[in-house]
Amino acid sequence: MATLKVINLTKSFGNTKVLKQINLKVNDGEFIVLLGPSGCGKSTLLNMIAGLETVDDGEILIDEYVVNRVEPKDRNIAMVFQSYALYPAMTVRNNVIFGLKQRKISKEHIEKSLNHFSKMLKIDQLLDRKPAQLSGGQRQRVAMGRALVREPQIFLFDEPLSNLDAKLRVEMRHEINKLHESLGTTMIYVTHDQVEAMSLATRIAVMNEGIIQQIGTPQEIYDKPNSIFVADFIGSPAINLIQGKFYKDGTISCFIPEQQKENVKISLNDYSFISEPKEGQEIILGFRPEHLNLPDTSLNSQMAVSLKPSLIELTGYEKEVSFEFYGNEITGRLPRHINIELGKPISLSIDLSEISIFDKSSTMRI
Amino acid sequence: MQTLDFQKMENIERSSARKRIFYRWLLFIILGIFALYYLAPLYVMIITSLKTMEEIRQGNLMTLPREIIFDSWITAWSGRGGIDAGNVFLRPFFWNSLKMVVPAVAISTFFGALNGYALTKWRFKGDNIIFLLFLFGCFIPYQAILLPMSRTLGFLGISNSISGLVLVHTVYGLSFTTLFFRNYYISIPDEMIKAARIDGAGFFKIFFKVLIPISAPIAVVTVIWQFTNIWNDFLFGSSFSFGEAAPIQVALNNMVLTSTSVKEYNVDMAAAFIAGIPTLLVYILAGKYFIRGLTAGSVKG
Amino acid sequence: MLYWLQRNLPKIVISPSFAVIIWFVYGFVLWTFYVSFTKSKMLPRYEFWGIDQHFRLWSNPRWFNAVENLLIFTILFVLVCLLIGIILSILLDQKIRTEGFLRTIYLYPMALSFIVTGTAWKWILNPTMGLEKLLNDWGFTEFTFDWLVNRDMSIYTIVIAAVWQSSGFVMALFLAGLRSIDDEIVKAAKIDGASLYSIYLTIILPMMRPVFMSSIVILLHISIKSYDLVVALTAGGPGISSDMPAVFMTQMAFHRSEIGLASASAVMMFLTVLAIIVPYLYSELRRQDANS
């Protein structure tokens, strides 16, 4: 069990700054997911935590000890790689126990852990095979086994599921989730897949261009994204973003869409600003597709709109419908049983208790 | 479950930092020694060629020349003037080699490209067997074809001529050039050819307009490979030519062997260096492609 | 007609080259095979004479000597080249900045002809004025080095020069192999706690099996065909002490007017290469099929 602290971590490759002043604190037993698009620095950060990349500036602490100059093998971590990185010339058994043998662990103990974990991962039938004779899912399990037998203080995962097909990916995701439940070990997991991030993490750190944009529980990240980047990166279909201006008249504050012809105002009276914008400031209104839905009387703050569908896509359990909304294309997630037709107006409502407001120039939540 | 032992970790850190520096130095020393080992013969060759025979007798392999004299280079290149049996010099043979290399490389490369294209993009029954038969040509020991080749050249009336050597090198280069282009074209998506066919291009149009423009990398590799091999060839040169029609490697060997009364090591070294310059230049200018040819010519199939 | 032409264009295009290969490679090899069963001396004679030339070959002490030399040369050449090549490739793989430069130095002999190499080394190994004198001048006054003119040692001078020329090539092959290894495997091994030494020994080198295979096959191939270097360095001498099969063959063919005997020796060389190449190509092609 261990805590991890990253303080002002910086890393450059040549002239490219890959990480800019990263700060991160991971509590004992947490499952932290580093989420971001490719090239955002998440894998570099993980490699630095593992000790596989040197630190340019800043500190990494495991259990309050600065490990900047400690070799990977002495950090008491284990890592699962995207390509699984199994040793091709060794059998599954030797792959799994290789790390233990390097540490001169007693034979009985090695045998015991091998038995325990290979049963747990259902690879006990495969121990005498070579990696080339395994399927993708089996290789994945062996890679997990190799990390597990080490019983490390921290598990690191570098996109471990991205080489699996969709069905296996969900299956392995569940298993990793169960593993974390049962072991309670600190885990750090890198992915670009938001579904993985949402379903696994106790907290997600969303990264972009070498910076941690936001860190919080999956719910916080989803409901209260602190920037346009996070709002847009998380959620599928993507969040609806509408440009406009802030308008205030006495105690009434509202949002006026940019390209409106009539005098449309969206009330922001129920929105709790972090810092209230100035009159006329350019702001962006965001709301998720599921919050554009059929009118629901139980909601206490909503805005009725009448919109013409421009595109209807059935996903199976619902309909994703696109509308034109004052120069923006917005999407709503509607129940599949309702009858809608292209070009025929339909009455809907936007749930105003779930909206986010961003400043246009800083792109941050306000 | 282990936990981190801070005291122990500090010790590990300190000793591993020291170890790292030590190993780094050791690494560079060993690499440096090997570099000297590979460079030494070239160095000896050059400084020997710049000394007088007097200096050579007095000093040793490594002693630098007192003053740099290019006399032996001139002697090696254009002789001493005067016509006698021992006066062999490289200039005419250098041109011989050039006259042999250029057509042989050009023809074998062109047909290699064509064969590679036909074998990969227009698959037909038996194409793999044909390729295997080509491929095996890369490996045969040339001793097994030396005698019949010599008779054939005689029959064609081109023995002891540059054209004869061009023929030999073209024929036995075909296997390599076909292999290179075949392996390159096989990695180019078939969709490209399909698209061109749907657009109405035929066999040759696709070859010249679609494939040739993207073949630069492999063409460079092939040309360099063929150039180096043909320039450096001695077996064919010495078996099928003598006297005035010989290529430079044969002339170099004759020169070293037939020096008359006194051995002139400085001239030998200058001659060896001159014979090596073209391929060395190619290597220095296009080393990347040279290496690619070596590895492509080795990991075959 | 036009349709037929179009359909068969690829075959038509390849047929001239194919005919050339069939005639000049396979036809000629068959000719050599046949002539090795005739009484040919200075000119080929085509009456079948049985396997007498092969008997003559294998009862010829000079041929035995050449084969023995080839064995000594091959074993040393292959082993030393592999050793140097592997060591250099591993050292160069340690992320050093001067790698490109060093690689260029290690590999340049490969661009030189064996004749140039032989000429240079002939001078360096010169029994009085070469290495011997250098080391005498440096204070090792007892040092003598006369391998080039020593019947028992002359074959080793060929090994020295050949290793100098070809070991860089093995380095290049292994370096390419090392570079193709998934970086994550090395990372995984580091985290597993393996030292650099055991990473290479237990994980990486076992993964290099195909590279070992091709290196060995190429080195064997070079050594069986070695002719130029022997001619330039020792001319097979002193006497016939550094003779090799390839030299034997050309001697018999072009100087001794023993075309039948020369063909028999060429057949032996051909069969040896065949025995090495065919299994290699078979396994290579199978491996590639499995990969694709």
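1. Basis. In this predicted model, local features need pLDDT of at least 70, side-chain atom pairs count only at pLDDT 80 or more, and totals for chains, interfaces and linings use all residues. Residues are numbered from 1 along each chain as its sequence is written, chains are lettered from A and ligands numbered from 1 in the order written, and side-chain values use heavy atoms, without hydrogens and water.

2. Helix crossing. Helix H6 (residues 143-156) of chain B meets helix H1 (residues 2-35) of chain C: their axes come within 8 Å and cross at roughly 100°. H6(B) is therefore roughly perpendicular to H1(C) (65 to 115 degrees). Axes are lines fitted to C-alpha atoms over the stretch in contact, with angles from 0 to 180 degrees between N-to-C directions. The contact residues divide into 10 nonpolar, 2 polar and 1 charged. Among them are Leu147(B) and Arg151(B) on H6(B), and Phe28(C) and Trp31(C) on H1(C).

3. Ser97(B). This residue lies in helix H4 (residues 91-121) of chain B. Ser97(B) counts as buried because its relative accessibility is 0% (buried means under 20%, with a 1.4 Å probe and protein chains only). Ser97(B) touches Trp231(B), Pro247(B) and Ile248(B), leaving aside residues up to four places away in sequence (contact means heavy atoms within 4.5 Å).

4. Cavities. The structure holds 5 cavities of 30 Å³ or more. The largest cavity has a volume of about 1000 Å³. A cavity is a set of points on a 1 Å grid where a 1.4 Å probe fits but cannot get out; lining residues have an atom within 4 Å of a point.

5. Lining. Of the 39 residues lining the largest cavity, the closest to its centre are Tyr142(B), Trp225(B), Asn229(B), Phe114(C) and Lys225(C). H10(B) gives the most to this lining, with 7 residues.

Conventions
Helices (H or I, at least four residues) and strands (E, at least two) are DSSP runs, numbered from the N terminus. Angles under 35 degrees count as roughly parallel, over 145 as roughly antiparallel, 65 to 115 as roughly perpendicular and the rest as oblique. Ala, Val, Leu, Ile, Met, Phe, Trp, Tyr, Cys and Pro count as nonpolar, Asp, Glu, Lys and Arg as charged, and the others, Gly among them, as polar. Buried means under 20% relative accessible area, exposed over 50%, partly exposed in between (1.4 Å probe, protein chains only). On a 1 Å grid over the protein atoms alone, a cavity is a set of points where a 1.4 Å probe fits but cannot get out, and a pocket is an open set with protein on both sides within 12 Å along at least five of seven lines; lining residues have an atom within 4 Å of a point. Grid points are joined across faces, edges and corners, and a volume is the space filled by probe spheres set on the points.
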